[in-house]
Amino acid sequence: MDKNKAHAILFLDRSRLDVYIDQQPAVLSFPFAENVISSLEVINPQELENQLNAFIAQNNIPPLNINLILSVNVVFEKDLPEGSAEQQAERVQTFLDSLPFEEIETKLLTFPQGARIVAVNKKLFQSILFVFEKLGSTTSNILPYEVLGQEGATVNFLDATACSMLLKKNDSFASYAFPHGAKPVPSSQQPSKKVTITNAPVNKTRLYIMVGVFAFLILIMVVLLLRGGK
């Protein structure tokens with residue numbers, strides 16, 4: 001974190017991006033054009049960059065230390081009942097397979113009453129942060145709405161007072177944060193669906209069995225070839 005940069009909260013909702021910069025009296029709002037972002041998909045990355053650059057220049061936004069909060073309207077989530085590690089892994093994978101995005105970032109949140117898997121379209125937040133970072137900003141945290149507390153699911157916007165108070169709790173953000181850092185994939189490429197699971201339970205037993213079976217089949221093939229050569 002660069003202490004020389006202004007601290008900021010960006011609030012990403014389905015139809016807009018709100019920008020609060022510490023010590024400033026108002027929240028700036030950047031609405032998404034339908035031909036740029038629609039149904040949580042980035043349709044035109046270049047036009048998004050052009051419009052965001054114009055918004056940043058028009059409002060004289062300096063390089064920032066960014067905490068990005070994802071609203072309830074942006075994430076997909078599923079509460080996970082108690083079960084074995086294998087059951088949990090299957091539930092998580094079934095949930096992620098149902099999402100319509102090629103690249104997904106996830107976070108497993110744990111609460112006293114149970115666990116919850118939260119997922120977001122990776123390209124959506126990457127494409128936005130990429131523009132700010134090109135202009136010198138850095139991203140400190142990417143956070144689901146749960147960081148806002150029990151009322152987080154009902155929050156559709158943040159005012160300056162709420163943002164200022166939230167920044168004072170910066171030390172508590174780490175346990176909620178999604179991983180981040182990778183740059184967006186150029187739109188000319190067509191990657192296969194890729195899922196990154198953070199803190200989710202993983203069962204490797206099936207993988208080990210498949211490797212063992214494959215090795216056994218190779219051994220049989222070698223024995224048959226040796227016999228055939230005699």
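**View 1. A salt-bridge network links D13, R16 and D18.** A salt bridge here is a side-chain nitrogen of Lys or Arg within 4 Å of a carboxyl oxygen of Asp or Glu. D18 is buried at 6% relative accessible area. R16 is buried too, at 17%. Buried means under 20% relative accessible area, exposed over 50%, and partly exposed in between (1.4 Å probe, protein chains only). The whole structure holds six salt bridges. This is a predicted model, in which local features need pLDDT of at least 70, side-chain atom pairs count only at pLDDT 80 or more, and totals for chains, interfaces and linings use all residues. Residues are numbered from 1 along each chain as its sequence is written, and side-chain values use heavy atoms, with hydrogens and water left out.

**View 2. E49 forms a salt bridge with K134.** The closest N and O atoms lie 2.7 Å apart. E49 sits in helix α1 (residues 45–58) and K134 in helix α3 (residues 122–134), so the pair ties together parts that are 85 residues apart in sequence. Helices (H or I, at least four residues) and strands (E, at least two) are DSSP runs, numbered from the N terminus. E49 is buried, with 13% relative accessibility. K134 is exposed, with a relative accessible area of 52%.

**View 3. R116 and E146 form a salt bridge.** Here the closest N and O atoms are 2.9 Å apart. R116 belongs to strand β9 (residues 114–121) and E146 to the loop between β10 and α4 (160–167), so the pair ties together parts that are 30 residues apart in sequence. Both E146 and R116 are buried.

**View 4. T139 meets E133 through a polar contact.** The two side chains come to 2.7 Å. A polar contact is a pair of N or O atoms within 3.5 Å; within protein, one must be able to donate a hydrogen and the other to accept it, and residues adjacent in sequence count only if both atoms are side-chain atoms. T139 lies in strand β10 (residues 138–144). T139 is buried, at 14% relative accessibility.

View 5. pLDDT is the predictor's confidence in each residue, from 0 to 100. Contact means heavy atoms within 4.5 Å. Residues 200–211 are also below 50, with ten contacts beyond near neighbours in sequence.
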